[in-house]
Amino acid sequence: KTSSVLGYWKDTSTSITTIDATPGYTKYVIYSVGPMTVAAGDVVSVHFQRQFGQTGVPPIMVAGGIIAATSATALDNASSGFIGQIAGWAGSNLTSLEGGREVATRTGSYKFASAASNVYINAVYYGQALTGAGGTGDLTLPTGNYGELTAVLESGVTWSQTTAASLPYNS
């Protein structure tokens with residue numbers, strides 16, 4: 001059986017220039033692609049990358065994930081129209097060792113259980129100044145082409161999935 005590419009989407013433009021990290025944990029849609037129409041069994045493969053900077057004093061945590069939803073403004077599984085999590089929530093801390101810069105990346109794929117129209121893929125990010133370690137300030141998104149979200153939708157994909165790690169030998 002041969003798979004077919006149904007569409008390709010790319011977003012390199014965002015109006016977000018600052019992520020509130022004090023008090024923090026406010027989620028923002030950095031990039032969104034869509035709308036797309038999907039059939040049951042279609043698979044979307046997604047890649048996100050973005051450079052982040054900071055104001056203030058490190059450390060500041062930057063974290064995010066990628067979701068599928070029927071809204072370009074959906075933030076997480078509590079949002080109306082949430083379909084599924086494509087890339088789980090993960091983060092890292094910006095410190096002075098990196099010069100206060102971080103390039104965050106997320107990748108993932110998602111198999112749609114049912115057909116849907118007006119589907120969007122959203123890259124969602126948030127931050128937190130680690131005040132207990134002396135962190136202050138907010139996250140910044142440098143202007144210019146410092147990031148992107150791409151999505152490829154395919155049908156007829158053979159999907160294999162595991163939920164447990166399997167080592168080839170005893171360690």
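Mentor: Strands themselves are DSSP runs of E with at least two residues, and helices are runs of H or I with at least four, numbered from the N terminus. Keep in mind that this is a predicted model, where local features need pLDDT of at least 70, side-chain atom pairs count only at pLDDT 80 or more, and totals for chains, interfaces and linings use all residues. Residues are numbered from 1 along each chain as its sequence is written, and side-chain values use heavy atoms, with hydrogens and water left out.

Trainee: OK, how many bridges join β5 to β6?
Mentor: Nine, and the two strands run antiparallel. As one example, Gly64 has Ala90 in β6 as its bridge partner.

Trainee: What's the strand order in the open sheet of four strands?
Mentor: The order is β3-β8-β5-β6, with antiparallel pairing. β3 and β6 stand at the edges with a single partner strand each, so one side of each has no neighbour in the sheet.

Trainee: And how many helices and strands does the protein have?
Mentor: Zero helices and ten strands.

Trainee: Switching topic: how many salt bridges are there?
Mentor: Two, where a salt bridge is a side-chain nitrogen of Lys or Arg within 4 Å of a carboxyl oxygen of Asp or Glu. In one of them Lys10 pairs with Glu148, with the closest N and O atoms 3.1 Å apart. That pair links distant parts of the chain, since Lys10 is in strand β1 (residues 4-11) and Glu148 in strand β10 (residues 147-155), 138 residues apart.

Trainee: Is Glu148 buried or exposed?
Mentor: Glu148 counts as buried, at 18% relative accessibility. Buried means under 20% relative accessible area, exposed over 50%, and partly exposed in between, using a 1.4 Å probe and protein chains only. Lys10, at 48%, counts as partly exposed.

Trainee: Which residue does Lys27 form a salt bridge with?
Mentor: Asp76, with the closest N and O atoms 2.9 Å apart. Lys27 lies in the loop between β2 (18-19) and β3 (28-38), and Asp76 in the loop between β5 (60-69) and β6 (82-94), so the pair ties together parts 49 residues apart in sequence. Lys27 is partly exposed at 25%, while Asp76 is buried at 16%.

Trainee: Last one: how much of the protein counts as buried?
Mentor: Of its 171 residues, 43%.

Notes:
Two strands pair if DSSP finds at least two bridges between them.
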